[in-house]
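Subject: Structure handover, with notes on what was found

Dear colleague,

Please find the structure below, as a handover. The notes that follow it go through what was found, and I would be glad if you read them with the model open beside you.

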Amino acid sequence: MRGDGHKAAERRQIEALNQLPPTPEVSAPEDHLPGPAPAAGGGPRSPREATLLDAGHALSEATSLEEALRVAARLRDGADFALNGQVVFGVGNDFLNAVAQADFRPGGPDKSFRMPLTTGYPAVEVARTGRSVYLSSPEEYRDRFPATWQLSARKGRRAWAFLPLTAAGRVTAVWLAAFDSPTEFGSPERALLDTTAALLSQVFERSRANTAELALSRGLRSSMGAAGEARGGLAVATRYVPTGGGLMVGGDWYDVIDLPSGRVGLVIGDVQGHDVHAAGLMSQLRTAVHAYAAEGHGPDAILSRTSRFLAAVDEERFATCIYVEADPATGTLHVARAGHPHPVLRLPDGTCLIRHIRGGLPLGLMAGENDYPVDVMELAEGEILMLCTDGLIETGGHDMFTGWVRLRDAMTDAPAADLEGMADRLMGVVTGPAREPHEQAPTRGGDDIALLLLRRDADDSTAVPERRLVLTIRQDQGEGLSEAREELRALLHDWTREDQIDTAVLLTSELLGNVLVHTDQSAALSVRVLGERGRRALRIEVTDRGDELPHQRAPGELASSGRGLVLLDLLSNAWGVRPEPEGKTVWFELGEQDGQD
């Protein structure tokens, strides 16, 4: 973003264009003249004034040298000289290099043109001295620069102006303006050219900054690369799409890290902002997370350390992140979350669930060592875990709910065996069809998008269809009970008997509530759905470490407790209590076909 000082300078230069002394009018058909524009005093501007002012405004907004030179060519319509060719030479350590040109025939200066700074050439003199060179005729060119005048004499041009483009008091480029008739460079012409050169200097600096930002973003983007090969039965697919604002990378990132223990670290994050500063911070955070993971820290410690790191390097920005440490042998996932959207779990039959993960504040808000709790879940064979940034959900004007529904429908129908195809399908519903395999067009006016899919491959494709849900609800987790009910309903979304869904939710709530109310322990919930649709079996277990075994009572009419086991006995097909080495497990079962006609 340009600073206020640059904008003020551009405004002054535009005003200067309009205040130049008039040059002789040239007759032209009335319908070829620009329409009058209001003058500062209230009357209509002359065609010359309007042309110069419009060109000045366009130059102040140009983002590339090629565009700026095309705009500068309009000045021949507002001044009495025949500008018919332009070149901008960049000034290097030892050479002049042609970086842009307009209206030169083939064979003129192009981007391969280089001239040593020891050559007797007008642009070299301007680069060395910082003073403009005006050559009104071929004869003057030949007399002043005999060694190089023939370079231009054969081009049919009759006058030349070489002006410095400066930044911070240093000549960074030279602008060549060539004319097809001899030109006396009087005060009005020189003032016009000087003002145009000042505006071109601004464009040149912006284009150099944009080129540097693009090179940085390309380097960062290529460093993320692809996910690579499957790791010990875990297949991974990744995608990244920038906002389309010119950079090839923004503040979103993903990473797949091979850990010393044989496990795999999976990271996805989102730095606030979409500019090159966000891209630079993203690179630093990605490196920090990678380094902390390589040292052997757990997910909570990695996020805590990264949060302190971000707060130290930039107090103005924050980032969200989710870190997963995966054990390929068992499918066990240790997950920590810092203000990031929850992951999504796709079961082998296509059912998709939002997996609620406890989390802490976004990175950079001075989180302490214990502010990022770790949840443990198991990724069963054939299940797919999706991690993404909010751009995938909200791009296209969606909110978190409607965006989630859009992704759920796409993920449900996608073939699980083709993880890359599933990633393309998810990106396609947000950004449109891919231009190349596994590559999407930038989002338009939206946020960056990062996507990571993790699948645990099954060893036996003939296994009985199964869905699983494992949750731990702690005493200090006030919203845990409602989230468990929500995930259970999502797991049973296609259960054929709606009343049994209500029964399962009611009984599960009773068992979890008993643990949270009558003990000081956490409650572990395990749900399994086995079999083909219409003949499935549901088994739900709730485990805690409390010593006291439950016993069935006969609660009075107004009793507020003691109803849990009574309801289990009345509503479930089977239930029981199983002592554990530490604590106990209460379980019940429901059959999908039971009670059907």
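Before the aromatic residues, a definition: rings of Phe, Tyr and Trp (for Trp its six-membered ring) are taken as a pair if their centres lie within 6.5 Å, with planes under 30 degrees apart counted as stacked, over 60 as edge-to-face and the rest as tilted. This is a predicted model, in which local features need pLDDT of at least 70 and side-chain atom pairs count only at pLDDT 80 or more, while totals for chains, interfaces and linings use all residues. Residues are numbered from 1 along each chain as its sequence is written, and side-chain values use heavy atoms, with hydrogens and water left out.

By the ring rule there are six aromatic pairs. One of them joins Y121 and F162 edge-to-face, with 5.8 Å from centre to centre and 80° between the planes. This pair links distant parts of the chain, since Y121 sits in the loop between β3 (114-116) and α4 (122-129) and F162 in strand β5 (residues 159-167), 41 residues apart; helices (H or I, at least four residues) and strands (E, at least two) are DSSP runs, numbered from the N terminus. Together with F89, Y121 and F162 form one aromatic cluster. Buried here means under 20% relative accessible area, exposed over 50% and partly exposed in between, with a 1.4 Å probe and protein chains only. Y121 counts as buried because its relative accessibility is 5%, and F162 counts as buried because its value is 0%.

F162 is also among the residues touched by L135, as are Y141, F145, W160 and F185, not counting residues up to four places away in sequence; contact means heavy atoms within 4.5 Å. L135 lies in strand β4 (residues 133-135) and is buried, because its relative accessibility is 0%.

Turning to the sheet, five strands form an open sheet in the order β18-β19-β20-β22-β21, with antiparallel pairing, where two strands pair if DSSP finds at least two bridges between them. Its edge strands, each pairing on one side only, are β18 (466-473) and β21 (574-579). β18 and strand β19 (residues 523-530) are joined over eight bridges in the antiparallel sense, and L471 stands opposite L525 in β19. Helix α14 packs on the sheet, touching β18, β19, β20 and β22 (584-591), and its direction makes about 175° with that of β22; axes are lines fitted to C-alpha atoms, for helices over the stretch in contact, and angles run from 0 to 180 degrees between N-to-C directions.

Among the buried residues of α14 are I501, V505, L507, L511, L512 and V515. A nonpolar core is a set of buried Ala, Val, Leu, Ile, Met, Phe, Trp, Tyr and Cys residues joined through side-chain atoms within 4.5 Å. In the largest such core, of 51 residues, L266, L333, L452, L454 and L538 touch the most other members, and the largest share, seven residues, comes from α14. Apart from this core lies another, of 26 residues, including L163, L165, W175 and F185.

Finally, D390 is placed in helix α10 (residues 390-394) and is partly exposed, because its relative accessible area is 22%. Leaving out residues up to four places away in sequence, D390 touches D270, P341 and D447.

With best wishes
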